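Please open the model in a viewer and keep the selection panel at hand. The stops below proceed from one selection to the next.

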Number of protein chains: 2
Amino acid sequence: MADRTIAVIGGTGDQGFGLVLRWAKAGEHVIIGSRQQQKAEDAAKKANSILGGAFTVSGMENPKAAAAADVIVMSVPFAAHVDMIKSVHDSIKPDDVFIDVVVPLSTAVGGPASTALAVWEGSAAQQAARLLPSHTKIASAFHNVVAEALQRIDREVNSDVIVCSDSQEVRKVGMELAAKIPGVRAVDGGRLENSRIVEQVTALLIGINIRYKVSDAGIRITGLPTTG
Amino acid sequence: MADRTIAVIGGTGDQGFGLVLRWAKAGEHVIIGSRQQQKAEDAAKKANSILGGAFTVSGMENPKAAAAADVIVMSVPFAAHVDMIKSVHDSIKPDDVFIDVVVPLSTAVGGPASTALAVWEGSAAQQAARLLPSHTKIASAFHNVVAEALQRIDREVNSDVIVCSDSQEVRKVGMELAAKIPGVRAVDGGRLENSRIVEQVTALLIGINIRYKVSDAGIRITGLPTTG
């Protein structure tokens with residue numbers, strides 16, 4: 001999959017930008033998507049500057065970014081989730097993989113980030129599955145790695161990434177992309193519906209960050225085979 | 001708190017029995033509670049035999065066990081949760097600490113253990129809080145350590161225990177009891193309402209056990225201060 005292109009919708013945001021840096025550094029073709037062309041281009045310029053010039057992150061409006069990509073990663077605040085899904089809806093091709101990173105934090109309605117909303121469909125990822133074309137291959141992942149850890153590209157990320165999807169093939173793509181981030185171990189999280197648990201863990205980790213006065217609490221699953 | 005006595009309601013069950021062994025081995029006074037006096041006594045005899053005679057686990061009917069204890073640990077299947085709470089309701093004294101270990105797995109209604117039920121109050125622990133006397137000091141903990149790991153008393157448990165309570169003092173008691181188990185690190189999980197996330201993680205871990213063909217997947221929180 002050397003010619004794979006990844007579009008990060010919301011790639012100008014903290015976590016999306018961190019993912020952009022990590023994947024570009026790993027040699028992936030990455031497009032930053034934003035609502036505005038100019039903001040996308042500015043963020044791409046910034047990414048290329050941080051990465052040192054040998055990489056070619058580009059910037060596009062979200063629908064164009066999605067149309068140009070094979071893997072579409074949705075990394076936006078929950079308050080923007082539905083709108084952003086609608087904006088890329090018609091850009092998704094049958095073979096594309098869609099990876100949802102969104103966590104329904106209560107901040108979307110003015111609440112604390114250490115609590116989460118109950119989403120009617122069960123999770124943000126299942127909400128996406130309901131709204132996207134029925135052929136869309138959906139996974140959810142990267143909820144539990146914080147922006148700060150992703151953006152410190154000279155350091156390993158000390159966390160597992162739990163990947164959920166109803167398709168083993170799609171889950172594998174998500175796990176491959178997780179494993180591209182140094183320090184991250186990809187864990188098979190099973191069906192997409194399990195995303196409801198993985199998403200909510202983010203709220204728990206944010207509360208732990210607050211109580212322990214740290215900024216990058218993550219999780220590791222213990223007891224797995226070392227080859228896992 | 002050398003004279004503290006812990007009653008494990010449901011201490012004849014796999015996880016409860018594992019907790020009994022670990023705490024008795026750490027020098028705590030432990031009572032196994034069961035619906036039937038004889039079953040409680042048999043389990044206590046078995047525990048003392050496993051522990052090698054230097055320890056004195058005793059067995060009582062649940063209400064008597066709760067009445068004789070300072071710390072009441074509720075470790076029963078979710079299907080029995082409400083009944084067991086009612087059975088110890090009148091035995092709980094104002095200074096007692098009540099620690100709920102129960103996970104609302106879908107097995108309670110014939111579903112798979114890799115999924116969980118939504119509890120009206122938000123979690124099993126919050127359900128307990130609603131049903132117990134208003135003076136009860138409640139924490140929730142130990143959801144993510146499996147029976148198998150607890151019962152192998154010659155080996156460390158490779159998992160954190162996240163402890164939730166609305167009272168810092170009560171949370172501290174839960175964290176102390178967690179730290180008595182070799183290998184376990186106690187993590188401050190914040191308010192009791194966060195138990196809804198911690199409980200559901202158990203279903204995720206059970207699914208991971210199944211997919212990875214292991215039996216004791218647990219979790220570690222990363223990024224905490226080493227003294228944490």
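Begin by selecting I162, V201, L204, I219 and I221 in chain A, together with I162, V201, L204, I219 and I221 in chain B: these residues line the largest cavity. A cavity is a set of points, on a 1 Å grid over the protein atoms alone, where a 1.4 Å probe fits but cannot get out, and lining residues have an atom within 4 Å of a point. Colour next by element: α8 (195-212) and β9 (218-222) of chain A, with α8 (195-212) and β9 (218-222) of chain B, each give two or more residues to this lining. Helices (H or I, at least four residues) and strands (E, at least two) are DSSP runs, numbered from the N terminus.

The model is predicted, with pLDDT of at least 70 needed for local features and 80 or more for side-chain atom pairs, while totals for chains, interfaces and linings use all residues. Residues are numbered from 1 along each chain as its sequence is written, chains are lettered from A and ligands numbered from 1 in the order in which they are written, and side-chain values use heavy atoms, with hydrogens and water left out.

Now select residues 14-25 of chain A, which form helix α1. This helix has 12 residues and reaches 17 Å from its first C-alpha to its last, close to the 16 Å expected at 1.5 Å a residue; the expected span is 1.5 Å times one less than the number of residues. Of the 12 residues of α1(A), 10 are buried, among them F17(A), R22(A) and W23(A). Buried means under 20% relative accessible area, exposed over 50%, and partly exposed in between (1.4 Å probe, protein chains only). Show also β1 (5-9), β2 (29-34), α2 (37-51), β4 (71-74), α6 (147-151) and α7 (168-179) of chain A, against which the buried residues of α1(A) pack. After the helix comes G27(A), with a positive phi near 95 degrees.

Move to H143(A), in the loop between β6 (137-140) and α6 of chain A. Is H143(A) buried or exposed? It counts as buried because its relative accessibility is 4%. Leaving aside residues up to four places away in sequence, H143(A) touches Q15(A), D100(A), S195(A) and E199(A), among others; contact means heavy atoms within 4.5 Å.

Select A128(A) next, in helix α5 (residues 124-131) of chain A. A128(A) counts as buried because its relative accessibility is 0%. Its contacts, not counting residues up to four places away in sequence, are H81(A), I85(A), F98(A), D100(A) and I138(A).

Finish in chain B with strand β5 (residues 97-100): V97(B) and I99(B) point one way, F98(B) and D100(B) the other, and all are buried. In a regular strand the side chains alternate between the two faces of the sheet. I72(B) stands opposite F98(B).

Terms used:
On a 1 Å grid over the protein atoms alone, a cavity is a set of points where a 1.4 Å probe fits but cannot get out, and a pocket is an open set with protein on both sides within 12 Å along at least five of seven lines; lining residues have an atom within 4 Å of a point. Two strands pair if DSSP finds at least two bridges between them.
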